[in-house]
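Here is a briefing on a protein structure. Read it with the sequence and the 3D view open.

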Amino acid sequence: MARHVEDVSEPSESDLEVSGHPKSWAAGVPGVLHSMEPAVAKMGAVRTAKTVMKMNQKDGFDCPSCAWPDPHHRKAFEFCENGAKAVTWEATPITVDSSFWAEHSVSDLRGRSEYWLGQQGRLTEPVYKPAGEDHYRPIPWSEAIDLLATKLNSLDSPDQAAFYTSGRTSNEAAFAYQLFVRGFGTNNLPDCSNMCHESSGWAMGETIGVGKATVNFEDYEQADLIIIMGQNPGTNHPRMLTELENCKKNGGHIVAINPLPEAGLRRYKNPQKVRGIIGRGTDLADQFLQIRLSGDMALMQAVSKRVLEAEDRNPGTVLDHDFLDRHCQGLDELREHLSHLREETVLEATGLTSAEIDELAARYIAADRVIVTWAMGITQQKKGVEAIKEIINLLLLRGNMGKRGAGASPIRGHSNVQGDRTMGIWEQMPDSFLDSLEREFSFSPPRAHGVDSVQMFEAMGQGKIKVFMALGGNLVSAVSDTGVACAAMEGTELTVQVSTKLNRSHTVTGTEALILPTMGRTEIDIQESGEQFVTVEDTVCAVHPSWGNVEPVSHQLLSETAIVCRIAHAVLGDKIGADWVGFEKDYDLIRDHISRVVPGCANYNERVRREGGFILAHGPRDTRTFPTATGKAMLTVNHLEYVERPAGTLILQTLRSHDQFNTTIYSHNDRYRGIKKGRDVVFVNATDLAELGLKDGDYADVHGVHDDGVPRVMRRCRLVEYPTSPGCVAAYYPEANVLVPLSLVAEGSNTPVSKAVLVRLEKVDAPVPAAAR
């Protein structure tokens, strides 16, 4: 394979280009070009064909970029632009060689950008940073695993270690990982769900008993109305656009609710259809509600109130009384609560007009089958759990649960974040799951709840967690309060990262640090029993296999499953009844245990080998049965709260650029929003700029406005006039994470609040062009 890349072009502050106008449509021919050109350039034509043409195919691998489900009848090009970018990034033949670690200290790497780190190529050998040294150095696998095992077994308590999991981890690796961690003696299993859809799980678990989507893939094209809230499918899960197009083709309607007018919510040019190449494409949103940040809860309450008032005017014609009487409780309490909702409060909270809300309510009442779908724009609010409960209220009122073309649909952003949770990656798994583990593996799992991602950093800061291990991910960049998070991580004694490529978290280490390189999902996994496959679960509970199809970039690489099993064997030996050596040789052995431990996974090996895999049972979706404490779906009373904006402040949301997946930066461009060669920007409404005495093109420091007195500043950002909701601004994640206090979390779920943060802008001098220095 090729040597590591040293010279990566990094734009300076003065290189930033702003076109001035956001695009009004997504995908089309530019999407194809932007996906295939870098793939061919970085991987070559042969490796490109072997990867992207097998992505999301039944005999191929599952796309690592998101959890959008796959159709039964798949096209030859069953991938999107961001999926192709994700595979190009992971499957690159460029590798980091041994000399790299001598050339670059940890301090030097920490000064590099996330983009530069990711462009250096694939990691191929374990490396170790000893105490008191500033360089990683290559070491053998056996030495790396012995170092970790010795450290873990020397701790005073298993709770002094925490074990993080990324959503890209397969079901097999996740099941083995949680078994190892619980066999070690702790439930400290924070994961990426803590920072994205934890609010969905809490809200749906309390109201309908299952924290997963109540829809199937086919429901999207059968819906009469799809309400899209707090998400940007054109960038974050572009394949969803095809199903939105199918919904429109079948006569359905779409309402988009978002503070920013995103291209993927307006018009879609399907590159697999003539209309999408030479024609206008498909207009998606029939109504766009440009909501004020944190106003979603108020909007849902206002629509539900209008539904109830419509029923009062025409008794027996609006509500689904049969469904409500047989399957729900709490209607009278909800009706009483919403009767006191003041319209002026709703308009203040949402920034909308009564006419706009009336139109949405009329659309909802006219539709027989309604899907409400949402993502982190909803979950990452202080009242995110309550906002989702209000979504459930609205759906239940007209029986939009457990019937075709209708339901609740949180969209998971990681490809297997939902599967990891199913496999036991959670700090609060129920006793029933732990009981099954105990019977299957002849040990007593710990019962006390562990720490989530936010609690883990708090415990690190208090010196309570001394060892941190991450199975994938880039947690230091992903979590809020960057400065606090980095300081906490540096206070540990050992950090361990299982990774495919370099990222920021490798540069923020404990006293000692290990990086363990792993195979990617695209690569063929050969173990002693033969070629292996893994399984994943998508956002609609479908479980299917994933086969790598290109040779690994190095013979030294181990799969995630193999790494977990080797570590578990070294740490635990025969402490529990798990055949770690056998698990590594044959993943079928892991799946046999999954079939007996994980609910809904009986005969796992047989069912997952069927064409297309299988769909996990889901009571609310399949039979309108609700595994809540009362056995019924719960209509809930939630007290309205929204972010009030003191004079001189604005409400910030963080977001991704189009050339980005989570913390992975593919380029410094965001073509849908008109940004090139830079990321240090803040999108501001023209009215707000004028009121603050600022203008487009000015530069400002962005200061967090919080009660704790801790200064949080994002320095010298270019202000971009943009049609955001008045009073609201947006900036790129993860750069803006520095503005979000670790303590600012959603009530109930403890998810960092990155979608409603008070900030103020302080004008500073513009950067001096390099030629003028």
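Cys 196 counts as buried, at 9% relative accessibility. Buried means under 20% relative accessible area, exposed means over 50%, and partly exposed lies in between (1.4 Å probe, protein chains only). This is a predicted model, in which local features need pLDDT of at least 70, side-chain atom pairs count only at pLDDT 80 or more, and totals for chains, interfaces and linings use all residues. Residues are numbered from 1 along each chain as its sequence is written, and side-chain values use heavy atoms, with hydrogens and water left out.

**Cysteines**

- The sulfur of Cys 196 has its closest cysteine sulfur in Cys 192, 5.2 Å away, which is too far for a bond.
- The structure holds 0 disulfides; a disulfide is a pair of cysteine sulfur atoms within 2.5 Å.
- Cys 486 also counts as buried, at 9% relative accessibility.

**Overall make-up**

- The protein has 30 helices and 31 strands. Both are DSSP runs numbered from the N terminus: helices are H or I with at least four residues, strands are E with at least two.
- Of the 773 residues in the protein, 64% are buried.
- Among contacts between residues at least 6 apart in sequence, 79% join residues at least 24 apart. Contact means heavy atoms within 4.5 Å.

**The parallel sheet**

- An open sheet is formed by 5 strands in the order β10-β7-β6-β12-β13, with parallel pairing. Two strands pair if DSSP finds at least two bridges between them.
- Its edge strands are β10 (287-289) and β13 (407-410), each pairing on one side only.
- Neighbouring strands of this sheet are turned by 15° against each other on average, direction ignored. Axes are lines fitted to C-alpha atoms, for helices over the stretch in contact; angles run from 0 to 180 degrees between N-to-C directions.
- Strand β12 (residues 370-374) runs parallel to β13 and is joined to it by 4 bridges.
- Val 372 stands opposite Ala 408 in β13.
- Helix α13 (residues 296-313) lies across β6 (225-229), β7 (253-257) and β10, and runs at about 140° to β7.

**Nonpolar cores**

- The largest nonpolar core has 62 residues, of which Leu 152, Phe 163, Phe 180 and Trp 580 touch the most other members. Such a core is a set of buried Ala, Val, Leu, Ile, Met, Phe, Trp, Tyr and Cys residues joined through side-chain atoms within 4.5 Å.
- Another core, of 52 residues, lies apart from it and includes Met 229, Leu 319, Tyr 364 and Ile 392.
- Leu 152 touches Ala 161, Phe 163, Phe 180, Phe 184, Val 467 and Val 571, not counting residues up to four places away in sequence.

**Ser 657**

- Ser 657 sits in the loop between β23 (650-655) and β24 (660-661).
- Ser 657 is buried, with a relative accessible area of 1%.
- Its side chain makes a polar contact with the side chain of Arg 679 (3.2 Å). A polar contact is a pair of N or O atoms within 3.5 Å; within protein, one must be able to donate a hydrogen and the other to accept it, and residues adjacent in sequence count only if both atoms are side-chain atoms.
- A polar atom of the Ser 657 side chain lies 3.4 Å from the backbone nitrogen of Asp 659.
- Beyond four places in sequence, Ser 657 touches Thr 235, Asn 669, Asp 670, Arg 673, Arg 679 and Tyr 732.

**Arg 596**

- Arg 596 belongs to helix α27 (residues 587-597).
- The side chains of Arg 596 and Glu 440 make a polar contact (2.7 Å).
- Arg 596 and Arg 439 are 157 residues apart along the chain, and their C-alpha atoms are separated by 9.6 Å.
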